[in-house]
Amino acid sequence: MPLSASPVVRRVRLGAELRRLRRRESLTLEQVCGRLGWASTSKLSRIELGQSRPDLADVLDLLDVYAVPPHQRDELIVIARDAATGRGWSKALGEMGERQRAYAELEAGAVRIVDYQPALVPGLLQIPEYARLRVSAGALLADEVDVEADVRARAVRQEVLCRPEPPHYTALIDERACDPGGLPAEVWRDQLRHLAVLAERPHVTIRLLPRDASPRGDPHPLAPFSYYAYPDPDDPRTVLVETLTTDVRLVAEADVARYEQLVEWLLVAALPEEETAELLARRLGPVPVPRPREPHEPD
């Protein structure tokens, strides 16, 4: 089922709006919490940082303290409800691990997604067989990984590319990620075919970065990252940087702007879509077309 706007993103947006309102009133955390009878400032601090699911009653109390006018109040209540919602999320993402859930929540509601991958095919483009092998390899470093649940989670995430109004999705993939890399030949070929098919969708762009390409003379970035933009321009554009053990979420304007510039440099260094398709076709080689069976031939 299509998921609503990301509660993670809306929490960050709500927190920023509430912090701005508090500062407009020249109030400290301690003063606000004292007026509301909250035991400590940690509760308000976590709300302002987007680190906790807000209680709507608490948000309404804060809006009263800040004397927010009706039209602005209504807008913030909508954002607060999005930030607090669990509608549809638990059912759709229930078995996902923490890392998969972080990606799924950011992908939901996005109008633009950019994935950069220097070593692997991005998760939104992986076939189940490829995903199973890659997740199994990663599980050697983390015993708690449920391989099959992780593969199913990727399939749920991939539905974002099939929703009625899908995001514009761009994958920037190092050419080496399309090498066999020890994969069984059939899995490797099926994965490349899948990339070629997805690249024909109007909202999907796949660009390969040649081995010798370098954005502005520098080597390719070593860490994979994903970039997300949302239909409401006031919702924070977000970058998720992948590391071995965890993922770092960036929402500060200066941080995100640097990654936006990096995306532009990578796009300049990458092969055009047509040349990417040709390279994938060359990797696949001639694909035999099965001869139509005669009526008397057995299946």
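The following questions and answers go through a predicted model and the reasons behind its labels.

User: What makes up the protein chain in terms of helices and strands?
Analyst: There are 12 helices and 6 strands. Buried residues account for 46% of the 299 residues. The accessible surface is about 15,900 Å², with 54% of that area on carbon and sulfur atoms.

User: Why is Thr 245 called exposed?
Analyst: The cut-off for exposed is over 50% relative accessible area. Thr 245 has 65%, so the label holds. Thr 245 sits in the loop between strand 5 and strand 6.

User: What span should helix 5 have, and how far apart are its end C-alpha atoms?
Analyst: Helix 5 (residues 70-84) has 15 residues.

User: Which residues of helix 5 are buried, and what do they pack against?
Analyst: The buried residues are Gln 72, Leu 76, Ile 77, Ile 79, Ala 80 and Ala 83. They pack against helix 1 (7-24) and helix 4 (56-65).

User: What makes Arg 13 and Glu 75 a salt bridge?
Analyst: The limit is 4 Å between a side-chain nitrogen of Lys or Arg and a carboxyl oxygen of Asp or Glu. The closest N and O atoms of Arg 13 and Glu 75 are 3.4 Å apart, so the pair qualifies. This pair links distant parts of the chain: Arg 13 is in helix 1 and Glu 75 in helix 5, 62 residues apart.

User: Are Arg 13 and Glu 75 buried or exposed, or in between?
Analyst: Buried means under 20%, and exposed means over 50%. Arg 13 has 3% relative accessibility, so it counts as buried. Glu 75 has 42%, so it is partly exposed. Both residues belong to a network of salt bridges that also includes Arg 10, Glu 17 and Asp 82.

User: How do you know that Asp 179 and Arg 211 form a salt bridge?
Analyst: Their closest N and O atoms are 2.8 Å apart, within the 4 Å limit. Asp 179 is in the loop between strand 2 (168-174) and helix 10 (185-198), and Arg 211 in the loop between strand 3 and strand 4 (225-229). Asp 179 counts as partly exposed at 21%.

User: What does the salt bridge between Glu 260 and Arg 237 tie together?
Analyst: The closest N and O atoms are 2.5 Å apart. Glu 260 lies in helix 11 (residues 253-269) and Arg 237 in the loop between strand 4 and strand 5, so the pair ties together parts 23 residues apart in sequence.

Notes:
Residues numbered from 1 in each chain as written. Predicted model: local features only at pLDDT ≥ 70, side-chain atom pairs only at ≥ 80, totals over all residues. Heavy atoms only, no water. Helix = DSSP H or I, 4+ residues; strand = E, 2+ residues; numbered from the N terminus. Expected span 1.5 Å × (residues − 1). Buried < 20%, exposed > 50% of the residue type's maximum accessible area, 1.4 Å probe, protein only. Contact = heavy atoms within 4.5 Å. Areas by Shrake-Rupley, 256 points an atom, 1.4 Å probe, with all protein chains shown as cover.
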